[in-house]
Amino acid sequence: MDNIEFKQELKDYELNYWVVNKGKNIDRYKVMIGMFDIDPTQIQIAADVGCGPLGGIFNQWSSFYVPYMYAIDPLFKEYKDSGVFNLPDDVAAIWSTAEEFILPHKANVIFSFNSLDHRDRKSVV
């Protein structure tokens, strides 16, 4: 299997996961937040790389806590086309890969809870 086929296989797997589960596992982000001593009131600008169609950790927060939130995922178009895209209104979507995204502001914190298994085989984490 070449690298292009591998990338497509990963995209198909991830998209299928969200289509089948439709956000049933959103509580996992509560668990992830609990694993760290995160006080969202101390964060001004945050990004979640590979957050999925629901905005990842930002589904638990609002702009009341974090004024600038950027959700980054290379599958946003596919999520929209499949009807599973549902970011909170106060989260800006950036359609990009982890290797290529550019934020309009310097972030205080960048989350990447669920994207290490999606990286290109040849890239370095």
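Predicted model: local features only at pLDDT ≥ 70, side-chain atom pairs only at ≥ 80, totals over all residues.
Local features were taken only at pLDDT of at least 70 and side-chain atom pairs only at pLDDT 80 or more, whereas totals for chains, interfaces and linings use all residues. Residues are numbered from 1 along each chain as its sequence is written, and side-chain values use heavy atoms, without hydrogens and water.

The protein contains three helices and four strands, in the order α-α-β-β-α-β-β from the N terminus (DSSP runs, H or I of at least four residues for helices and E of at least two for strands, numbered from the N terminus). Of the 125 residues, 40% are buried (under 20% relative accessible area; exposed is over 50% and partly exposed in between; 1.4 Å probe, protein chains only).

Two aromatic pairs were found in the whole structure (ring centres of Phe, Tyr or the six-membered ring of Trp within 6.5 Å; planes under 30 degrees apart are stacked, over 60 edge-to-face and the rest tilted). Phenylalanine 76 and tyrosine 79 are edge-to-face, at 6.4 Å centre to centre and 65° between the planes. These two residues lie three residues apart in helix α3 (residues 76–82), and are therefore separated by about one helical turn. Phenylalanine 76 also pairs edge-to-face with phenylalanine 85, at 5.3 Å and 80°. Phenylalanine 76 is buried at 4% relative accessibility, while phenylalanine 85 is partly exposed at 24%.

Aspartate 48 is located in strand β1 (residues 45–49) and is buried, at 2% relative accessibility. A polar atom of the aspartate 48 side chain lies 3.0 Å from the backbone nitrogen of isoleucine 57.

Technical notes: Polar contact = N/O pair within 3.5 Å; in protein donor to acceptor, adjacent residues only side chain to side chain.
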